[in-house]
Amino acid sequence: MILRRTVLSLLLASACVPAFAADAQIDFASINDATISPRFIVKYRNGSAERAQPAARQRALDSATDRARPQMGAKFTAQRGSAMLRMQALRATTGGKHVVKASQRLTRGEAEALMRSIAADPNVEYVGVDRIMRPSAMPNDPVFLSHQMWHYGTGVGGARVTAAWDGGATGAGVVVAVLDTGVTHHEDLEPNLLPGYDFITDGEMSRRGTDERAPGGWDLGDYAAAGDCGSGSPAGNSSWHGSHVSGTIAEVTNNGIGGAGVAPNAKILPVRVLGRCGGYTSDINDAIVWAAGGHVDGVPDNTNPAEVINMSLGGAHACEADTQAAINTAVSLGTTVVVAAGNDNSDVTGHAPASCANVITVGATGASGQRASYSNYGVGVDVSAPGGAGVEGVPQGYIWSTVNFSQQAPDDGATGDRYGGMTGTSMASPHVAGVVALMQSVAPSPLPPSAVEGLLKASARPFGVQPETGKPIGAGIIDAAAAANRARTYGQPLSGTPLALNVAQAVPALAFGQSVQYAVQVPDGTSRLEITTTGGRGTVVLYAAYEAEPTAINNAGASTRPGTNQIININSPGAGHYYIKVSATAASSGVMVRVRTL
C-alpha cells in the first residue's frame, strides 16, 4: 500500500486577512486544495438577499465570476457558452454558510483571484477553501498472513483488550460511528454494521456520479490515477481504510474466521466522508453532527446516534471554527469524539481535527510500547494506543484488520474478503474508540465525554519506552481492562474532605501509617493540576486519582520524596472529582496541602 499523508497547505497570504471595503475575511489556507476541486465556503451577511434567496445568491456568484475574469487570464475571458467558467451554489452548511463550486479546475492564482472577487461583494463576510482532508493512516504493502494480534494482549505494547473481555466488557449495546472511506461487504464485519450514510457531495470524489448524499455508507474505492489529486500526484490503489478501522473496533469475534474487534458486540455506523483524493471539511462537519444524532438539512435524521465517533483523518492546518462547532455539538449530545494525532512526526498543534478541543487525540505506539516514529506528538495528545511500527515483513509490526482484495472498486463476495496489515495513528485511534465502547457497555449509566477522557487518562499504563524529550504522546498507553473497571464504578460516592481549588489547607497531625483523603472538583477545560504538600515536620507521601480512591498501585500521580514537600502534576485532567491522599510514613504535623489549576 502507498504512504498516505496529509498535504501541507501553502499560505499565499496571512491565513485570514481583511479584504476590500466590506471587511470580508479571505482564508487562503489550503488554497492548494482548490486546484484539486474548486469548492469554496462563503458566508453571507445576516439579512442579505444572498443568504436567504437562491436566485440572489446565484446572481452574486455570476457577478463575482465576471469581475474575476480579467485577473484570471485569457483562457477565461475568451470562453463563451457552455465552456465558460461559472460558479454554482451547492448547499448550505450546518453553520449557515454556503458551499459553492467553480465549473472548471483552477490554478492557485486563478483560485485566489476568484476568492478575492467573491469577497468584494459587500454582502459577503467570509470566503475560504472547502478544505480536503485525507486518511491519516500510513499503510504498508498488505501482508496476507495469519494475524498477530499483539496489540490486544497484555504484553508491554498491548492494550490489554483480552483482559477486558475476560471481565465481561464486550461493547454490547454501543454504537460507534466511523467517519472514513465507508465500509465494504465483508463477511467478518457486515453482521456488526448499521445502515450508514454517504456524506460526500461531489460525484467524482464519491464515484456515485451525483453530488447528492446517499444512504448506505459503502466504500466505492478511493483509487486515483496519476495527477487526479493535484499536479504530480501519484496513482494509488484503494486503501479500504474505513473497513480496516471499523474492523479494529468491532470485527465479528469468536466465529472461527478472521480476527477480532476491540469491542466485538458493538455496532458500527459507517459514515462515508472520504473518497477519491480525500473529503471536504464541510461534509465532514455535517457528518459529525449527524452521527451524534443532530439534524442536518437534506438528510434523514440518524436513528442510531453514536456514543462514540472515530475520525482517523486529518489535514495539516489548525482547527477551524466550523469543525470545532460541529465537535462541540456532538459532545453536547453526549458523544465522545476520538481522533488520530496524524503521522508526520510533528507537533499536533498544526493538524486538525487532532488539535481541536473536546476530542480525545490519540498517538501511536509499537509492540515494545515505544512512540511510533511517525506519530505526531505534543501536549495536545491525550493518550496513545497500538498503531504498529511498520517493520516490513514482521507481522508484529502491523495492526491486522478487515480489508478488500480489489485494487479499485470493491469485489463483493468471498473473493473480496481479506485481512491486511497497516500502521499509523489511524490504527491507534480505533483502539481507543473500541475501548470507549467497552467502557460505555459496562458503566452503570452513560458516561459523559469529559468523564470518558478522564478515566482513559487515569487508567493508562506507562510506556514501554518513554517518549523522547519534547515529544510527549499523552498520559500513557490505553489499558482496556483498567478503563472498563473504572467505568463500572464511576459515580459511586467516595469519602473525602472537600478541598477548594487554589487554597492551601492544613493537614491534621498524622501518626505513622495514618492518612487523610481530600476531594476536589475540577472544571472542564482545565489544562493542568498542580497538587502539593509543603512545610511542617515528618514524612508524608502524596497520591492522586480520578474518580477513585488513590493508592500506591492505582493512581493518576504519586510523589514519595523524603520529607513533606511533595508535588504531582496532571496535564489535561478530566472534568470531575480528583481524590488526594496524604499518608504519613513518619509522624507528621504542620503540613499544608494545595491543589492549583494552571
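Q: How do you know that the end-to-end distance of helix H9 agrees with its number of residues?
A: In this predicted model, H9 comprises the twelve residues 321-332. At 1.5 Å a residue, helix H9 should span 16 Å, and its end C-alpha atoms are 16 Å apart; the two values therefore agree.

Q: Which residues of H9 are buried, and what places them on the same side of the helix?
A: Thr323, Gln324, Ala326, Ile327 and Ala330 are the buried residues of H9. They cover an arc of only 160° around the axis, and therefore lie on the same side of H9. In general, an α-helix has 3.6 residues a turn, so residues three or four places apart point the same way. On the other side of H9, Ala321 and Ser332 are exposed.

Q: What do the buried residues of H9 pack against?
A: Their partners are helix H8 (281-291), strand S13 (308-311) and strand S15 (336-340). H9 is followed by Gly334, whose phi is positive, near 95°.

Q: Why is Gln324 called buried?
A: The relative accessible area of Gln324 is 17%, and the term buried applies under 20%. Gln324 is therefore classed as buried. This residue of helix H9 touches Cys319, Cys356, Ala357 and Asn358, not counting residues up to four places away in sequence.

Q: What is Glu50 in contact with, leaving aside its neighbours within four places in sequence?
A: Glu50 is in contact with Tyr44, Ala56, Arg57, Ala60, Asp121 and Asn123.

Q: Which residues have the most contacts inside the largest nonpolar core?
A: Val432, Met439 and Leu456 have the most contacts inside this core, which has 80 residues. Helix H10 (residues 425-442) gives the most to it, with ten residues. Apart from its neighbours within four places in sequence, Met439 is in contact with Leu447, Val452, Leu455, Leu456, Ala483, Ala484 and Ala487.

Q: Which residues does the second, separate core include?
A: The second core, of 39 residues, includes Leu269, Ala326, Cys356 and Val359. Among these, Ala326 is also one of the buried residues of H9, and Cys356 is one of the residues that Gln324 touches.

Terms used. Residues numbered from 1 in each chain as written. Predicted model: local features only at pLDDT ≥ 70, side-chain atom pairs only at ≥ 80, totals over all residues. Heavy atoms only, no water. Helix = DSSP H or I, 4+ residues; strand = E, 2+ residues; numbered from the N terminus. Expected span 1.5 Å × (residues − 1). Buried < 20%, exposed > 50% of the residue type's maximum accessible area, 1.4 Å probe, protein only. Arc of directions from axis to C-beta. Contact = heavy atoms within 4.5 Å. Core = buried A, V, L, I, M, F, W, Y, C linked by side-chain atoms within 4.5 Å.
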